[in-house]
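Here is a short report on one protein model. It covers the ligand site, the cores, the cavities and some backbone details.

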Amino acid sequence: MSDSEHREMWEKLDLDLNAHDALLEVLGKFYGDIFLSQDNRLKGAEYLDFVLSEVHGLRIKELQDAKSQGRKVVGSFCVFVPEEITLAADAIHVGLCAGAEAGSDLAEQLVPRNTCALIKSFIGFKLAKLCPYIESSDLIVGETTCDGKKKAYEAFNDVTPTYVMEVPQTKTKAARELWRTEILRYMAEVEKVTGKTITADKLKQGIKTLNNRRRALQRLTALRGSDPAPISGRDALLINQISFYDDPERFTAKINELCDELEARIAEKQGVAPAKTPRLLITGCPMAVPNWKLPFVIEGSGAVIVGEESCIGTRSSRDLVDESGETMDELIDALADRYMKIDCACFTPNDERQDNIADLAERVNADGVIHYSLLFCQPYSHEALKVDRTMQSKGIPMLSIETDYSMEDVEQLKTRVEAFVETLG
Ligand code: BJ8
């Protein structure tokens, strides 16, 4: 696509072209410094570079082309929204979580200052007219997870209609029933927006497509257990981030190719850092595009990241949906069961997350854990204390970090992370 075609498309989406140009310029520079500067990158990273370079270009064009053929676009903010239902209605599902500070000052007109950066970011991107994904969405789906998001969707609904799913806060039988009902309610909404009837066959196909995407990501997670680490944490995070934007079938094929390359690397004992480099697992809040600050700091401090226990990480790929059901009832049950396994810190109690982190730390051979909470995120800040105790009991050192999207604390973070990495050496 030429520059003028890009601009014409963005103009039609009513983006603020000047602000959008400035955003893309900063992002391009960031991307170069953080990703393209890496040594020993995989050949498969060309796919990542291409998708990111076209994240506001060709991918948006694909969405517009699909819309002109009558397909709908659904945008969501949380891994609780069952994408299988969206696919079963032949719609396209994209993640809307934003990981940049742009527009945050505008967001503070709608939500309090002491709201986490992730929430301010998605509101800010809408108010500042910066996000072509929000502008392409025919249905925007929120969810009742943390209090910050719940209240933010009320305010957001005044700006753009937002459909909200009720996510339970416990894992009781009654909570599971509520969630099953919510899946059916979402299905009815998607059918209304798309004008399509979701059949059991279509749903089963959607489940298979997304399970295959999860399997490719599970394969990647397993390969990262090797020493030397065959892929950087930055590139692995980028893969997880792209999984929320790109076409699921194309993504799965590309990540499986990349995993083939990783296997060959592992067989030759090659890696992105020498064997015995301190290996860190990141756990906590999701890191939405382009939130790459902490991984950049960590991997610039002599460590390599070998796993991400977060929604933009193993939480979204760990559990598959049972594919054996044939009837609509069986398939909806399978979806309800799978989604109720998500161990978001918004649940109480949420003990399975402790076990899942310990299990992942063991599988990827982590020497240490960095718990990452966004400032003002109550659920994850609370659980950081618990994760620390769990890690202590396993003899795995942990560093707890609270930060936001600003670059002001980068030097301070570097000092803390370097000191932590030294203790692991
Ligand atoms: S399932 S983690 S994607 S809710 S950082 S907005 S929790 S104050 S993002 Fe999440 Fe779904 Fe849970 Fe995953 Fe609130 Fe915390 Fe902000 Fe957060």
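## Basis of the model

Helices (H or I, at least four residues) and strands (E, at least two) are DSSP runs, numbered from the N terminus. By that scheme, Pro349 sits in the loop between α16 (328-339) and α17 (351-363).

This is a predicted model: local features need pLDDT of at least 70, side-chain atom pairs count only at pLDDT 80 or more, and totals for chains, interfaces and linings use all residues. Residues are numbered from 1 along each chain as its sequence is written, and side-chain values use heavy atoms, with hydrogens and water left out.

## Ligand shell

The ligand is surrounded by 16 residues. Cys78, Cys146, Cys311, Cys344 and Cys377 are the closest.

By class, the shell holds 14 nonpolar residues, one polar and one charged. Here Ala, Val, Leu, Ile, Met, Phe, Trp, Tyr, Cys and Pro count as nonpolar. Asp, Glu, Lys and Arg count as charged, and the others, Gly among them, as polar.

## Nonpolar cores

A nonpolar core is a set of buried Ala, Val, Leu, Ile, Met, Phe, Trp, Tyr and Cys residues joined through side-chain atoms within 4.5 Å. Buried means under 20% relative accessible area, exposed over 50%, and partly exposed in between (1.4 Å probe, protein chains only).

The largest core has 126 residues, and Ile85 and Tyr186 touch the most other members. Helix α11 (residues 200-223) gives the most to this core, seven residues. Which residues does Ile85 touch, not counting those up to four places away in sequence? They are Ile183, Tyr186, Met187, Val190, Ile198, Leu203, Ile332 and Leu335. Contact means heavy atoms within 4.5 Å.

## A buried aspartate

Asp235 belongs to helix α12 (residues 233-242). Its relative accessibility is 3%, so Asp235 counts as buried. Not counting residues up to four places away in sequence, Asp235 touches Phe35, Gln38, Arg41 and Leu48.

## Cavities

Rolling a probe the size of a water molecule over the atoms shows where empty space is left. On a 1 Å grid over the protein atoms alone, a cavity is a set of points where a 1.4 Å probe fits but cannot get out. Lining residues have an atom within 4 Å of a point. Grid points are joined across faces, edges and corners, and a volume is the space filled by probe spheres set on the points.

The whole structure has five cavities of 30 Å³ or more. Of its 18 lining residues, His56, Phe125, Tyr245, Val289 and Pro290 are the closest to the centre. Helices α2 (17-36) and α8 (132-136) each supply at least two lining residues. The lining has 16 nonpolar, two polar and no charged residues.

The second largest cavity has a volume of about 70 Å³. Its lining includes Leu217, Arg224, Asn240, Glu308 and Leu360. Two or more lining residues come from each of α11, β6 (304-309) and α15 (314-317). By class, this lining has four nonpolar, six polar and two charged residues.

## Backbone details

Where are the cis peptide bonds described here? One joins Val289 and Pro290, with omega about 0°. Pro290 is in the loop between β5 (279-284) and α14 (293-299). Another runs from Thr348 to Pro349, with omega near -15°.

Positive phi values occur in two loops. Asp14 has phi near 65° and is not a glycine. Asp14 lies between α1 (3-12) and α2, and is partly exposed at 44% relative accessible area. Asn365, also not a glycine, has phi of about 55°. Asn365 lies in the loop between α17 and β7 (368-374), and is partly exposed at 43%.

## Two surface sites

Asp337 is in helix α16. Asp337 is partly exposed, with a relative accessible area of 40%. Pro274 lies in the loop between α13 (248-267) and β5. Its relative accessible area is 61%, so Pro274 is exposed. Beyond its neighbours within four places in sequence, Pro274 contacts Asp227 and Pro228.

Notes
Near = heavy atom within 4 Å. 1 Å grid on protein atoms, 1.4 Å probe; cavity = no way out; pocket = protein on both sides within 12 Å on 5 of 7 lines; lining within 4 Å.
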